[in-house]
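Biologist: I would like to go through this model term by term. Please set each value against its definition.

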Amino acid sequence: MITAEDVLDLPATTRIVPAVRLPLPASSTTPVSVVIPAKNAAAYVGETLASALAQSEVGEVIVVDDGSSDNTIAIVRAIRDPRLRLMTNDSAGVSAARNLGARHARGEWLLFLDADDRLRPGAAAALLAAARGAPRAVLVYGDYNTIDSEGRQIGRRGLLKGRRKPSGDVLARLASGNFIVNGGIALARAEAFRAIGGFDVSLRYCEDWHCWCRLAAIGEFEFAPKLLLDYRLHTANTMNAAVRTPQDFFPAIARVFDDGLILARLPESTAAGLRQAAEIHLVTYAAMQAVRFGRYRQALGYLGMIGRRSLRALPRAVARTALARFGI
C-alpha cells in the first residue's frame with residue numbers, strides 16, 4: 001500500500017495510466033467569464049471588479065450577490081461597463097452563488113474570483129496562453145501572492161519563481177492536497193465544469209478542492225508559472241486558521257474519498273495513503289495560517305496533530321510552517 005510519505009514524493013506527472021481522452025475543441029476566440037460571489041464585500045468589491053474589468057480577455061464579469069446587507073449591490077450598479085452583470089443568490093452560500101454565475105456565463109472559460117482579491121495585470125492573458133498550448137486541459141492555473149486587509153503585499157512568493165507545479169494528469173497529486181488554493185488563479189473550461197456538476201453545495205469548506213479533483217478525473221491540468229493574483233489574507237477569510245480548525249475541513253476529505261468519479265480514476269491501493277496525505281496537507285495549511293496571524297501555540301498544536309499521524313511527514317510540515325512566517 002502507498003503511504004502518505006510515498007505520496008509526498010510522487011513526481012509532478014503521476015504514473016497512473018490516464019483514461020483515453022479526446023482533444024477538447026479549440027475556439028478562434030476564447031472569452032473568459034469571471035464569476036464573483038459577493039456577500040457584504042463593499043470594502044473591496046470595487047477594487048476587485050476594477051482588476052477583472054482591466055483584463056482585455058475578459059468578456060464578462062458576473063457578480064452574484066449572496067444576500068449582502070451593506071453597499072455591495074450599490075457599488076456594483078454604479079460601475080458602467082457593458083461586460084458587468086449582477087445577479088442575486090438569496091444567501092444560498094458561496095458554492096450556490098458560483099454555480100449560478102457559471103450557469104449563466106457565456107464564456108468558454110470560467111474564473112472564480114473572490115470579492116476581496118485582485119487579479120494582476122495580464123493574468124487572463126497568461127492563463128489563456130497556457131490553455132492554447134494544452135488543448136486537452138480542462139483547467140489551467142498559475143500562482144498567487146498575498147496581501148493584507150489594506151492591500152499591502154505581505155507575501156514573498158516571488159522568491160519561488162523557479163517552482164513548478166503539476167501539469168497533465170494531476171489527480172493523485174491533487175487528491176493528496178489542494179495545490180491550487182484559490183480559484184482566482186485558475187481558468188476552468190466551462191463545458192467541463194458543468195459536466196462534473198459544479199461545486200458541491202453540501203460542503204462548507206474546501207468545496208473548491210473537491211471540484212478541482214472531479215475536474216482532474218476527467219481531464220488534464222496545465223500550470224502557468226506566473227503570479228496572477230493578489231490573495232487577501234484577513235480575519236474574514238473562511239480558511240483563516242484564526243477562525244477555523246482542521247476539523248472543519250475534514251468533511252471535504254471524506255467527500256473526496258467517497259466520490260465515485262474520483263475513486264474510479266485512482267488505483268484502489270493508493271486511496272488510504274492519499275487520504276492520509278490530504279489530512280496532513282490540510283493540517284499543515286492550518287498551521288501555516290496560524291503562524292501568519294501570530295497564533296504560535298495553535299500552530300504547535302496542529303504540528304503535534306501531524307506528528308501523531310506521521311513522524312516522517314513532520315519535518316516537511318515544520319519547514320512549510322516556518323516559511324509561512326516569512327510570507328512564502
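Modeller: Residues are numbered from 1 along each chain as its sequence is written, and side-chain values use heavy atoms, with hydrogens and water left out.

Biologist: What makes a residue buried, and which residues of H8 are buried?

Modeller: Buried means under 20% relative accessible area, exposed means over 50%, and partly exposed lies in between (1.4 Å probe, protein chains only). In H8, the residues that are buried are Glu207, Asp208, Trp209, His210, Cys211, Trp212, Cys213, Arg214, Leu215, Ala216 and Ala217.

Biologist: What makes H8 a helix, and how far does H8 reach?

Modeller: Helices (H or I, at least four residues) and strands (E, at least two) are DSSP runs, numbered from the N terminus. H8 has 12 residues and reaches 17 Å from its first C-alpha to its last, close to the 16 Å expected at 1.5 Å a residue. The expected span is 1.5 Å times one less than the number of residues.

Biologist: Why is Thr146 called buried?

Modeller: Thr146, in strand E6, has a relative accessible area of 5%, so Thr146 is buried. Leaving out residues up to four places away in sequence, Thr146 touches Arg152, Gln153, Ile154, Gly155, Tyr231 and Leu233. A contact means heavy atoms within 4.5 Å.

**Rings**

Biologist: How many aromatic pairs does the structure hold?

Modeller: The structure holds 8 aromatic pairs. Rings of Phe, Tyr and Trp (its six-membered ring) pair if their centres lie within 6.5 Å; planes under 30 degrees apart count as stacked, over 60 as edge-to-face and the rest as tilted.

Biologist: Why is the pair of Phe112 and Phe199 called edge-to-face?

Modeller: The ring centres of Phe112 and Phe199 are 5.1 Å apart and the planes are at 80°, so the pair is edge-to-face. The pair links distant parts of the chain, with Phe112 in strand E4 and Phe199 in the loop between H7 and H8, 87 residues apart. Both Phe112 and Phe199 are buried. Ring pairs link Phe112, Phe193, Phe199 and Trp212 into a cluster.

Biologist: How do you know that the charged end of Arg98 sits over the ring of Phe199?

Modeller: A charge sits over a ring if NZ of Lys or CZ of Arg is within 6 Å of the ring centre and within 35 degrees of the ring normal. The charged end of Arg98 sits over the ring of Phe199, 5.3 Å from its centre.

**Confidence**

Biologist: What is the average pLDDT of the protein chain?

Modeller: The protein chain averages a pLDDT of 87, and 85% of the residues score at least 70. Over residues 1–28 the pLDDT is below 50. pLDDT is the predictor's confidence in each residue, from 0 to 100. Where pLDDT is low, the predicted coordinates should not be read in detail.
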